[in-house]
Amino acid sequence: FRHTYAILGDWSACAGAGCAPVAVRVAKTGKGDLRWSVWDVLEMDCTDGVSLAGFIERFELKVGLACSAISHGASLVYADFMNRAKIEDRLRSRLLDALKLGPEATHATLSVGACDENDDDVEIPDVRVRFR
């Protein structure tokens, strides 16, 4: 594709060179190949008030990768290396409460660290969670 524009105040036009298509990344998962580009986002519906542990379970079923860490903004919400006794309450709480969002929140964007069956890190796009 070529990028072309015209300057309305002048009788000139400019055409730019074509740009290469965006590369698509591929991750091998238990559910097959997961393909995405830089702009993709994984969508998950959590309108039923699922807990953090329930979200992790749904993520693993939908994507086919094990969840190793979840962060929202600058805060680390879950990591598999955290002390289990310390995060047990957080795993049982609703996802909305674990993220410390108010009841008016409708969406949240999470960064999820994932591992495949060989325990290798897999880079995946952000996960957009819908609450309502």
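Which residue stands opposite Ser71 in β8? In this predicted model, the residue facing Ser71 is Ser111.

**Overall make-up**

The protein chain has 3 helices and 10 strands, arranged along the sequence as β-β-β-β-β-α-β-β-α-α-β-β-β. Of its 132 residues, 33% count as buried. The accessible surface comes to about 8800 Å², with 53% of it belonging to carbon and sulfur atoms. Among contacts between residues at least 6 apart in sequence, 50% join residues at least 24 apart.

**Strand β8 and its partners**

Strand β8 covers residues 107–115, and the table lists pairings that involve it.

| Partner of β8 | Residues | Sense | Bridges |
|---|---|---|---|
| β6 | 66–72 | antiparallel | 5 bridges |
| β9 | 121–122 | antiparallel | 2 bridges |
| β10 | 127–130 | antiparallel | 4 bridges |

**The nonpolar core**

The largest nonpolar core holds 33 residues, and Leu52, Phe55, Phe59, Ile70 and Ile124 touch the most other members. Helix α1 (residues 52–63) gives the most to this core, with 5 residues. Take Phe59 as a guide: beyond its neighbours within four places in sequence, its contacts include Leu42, Met44, Leu65, Cys67, Val112, Ala114, Ile124 and Val127. In soluble globular proteins, nonpolar side chains tend to be buried together.

Definitions and conventions:
Residues are numbered from 1 along each chain as its sequence is written. This is a predicted model: local features need pLDDT of at least 70, side-chain atom pairs count only at pLDDT 80 or more; totals for chains, interfaces and linings use all residues. Side-chain values use heavy atoms; hydrogens and water are left out. A nonpolar core is a set of buried Ala, Val, Leu, Ile, Met, Phe, Trp, Tyr and Cys residues joined through side-chain atoms within 4.5 Å. Buried means under 20% relative accessible area, exposed over 50%, partly exposed in between (1.4 Å probe, protein chains only). Contact means heavy atoms within 4.5 Å. Accessible areas come from the Shrake-Rupley method with a 1.4 Å probe; for residues, only the protein chains shown count as cover. Two strands pair if DSSP finds at least two bridges between them.
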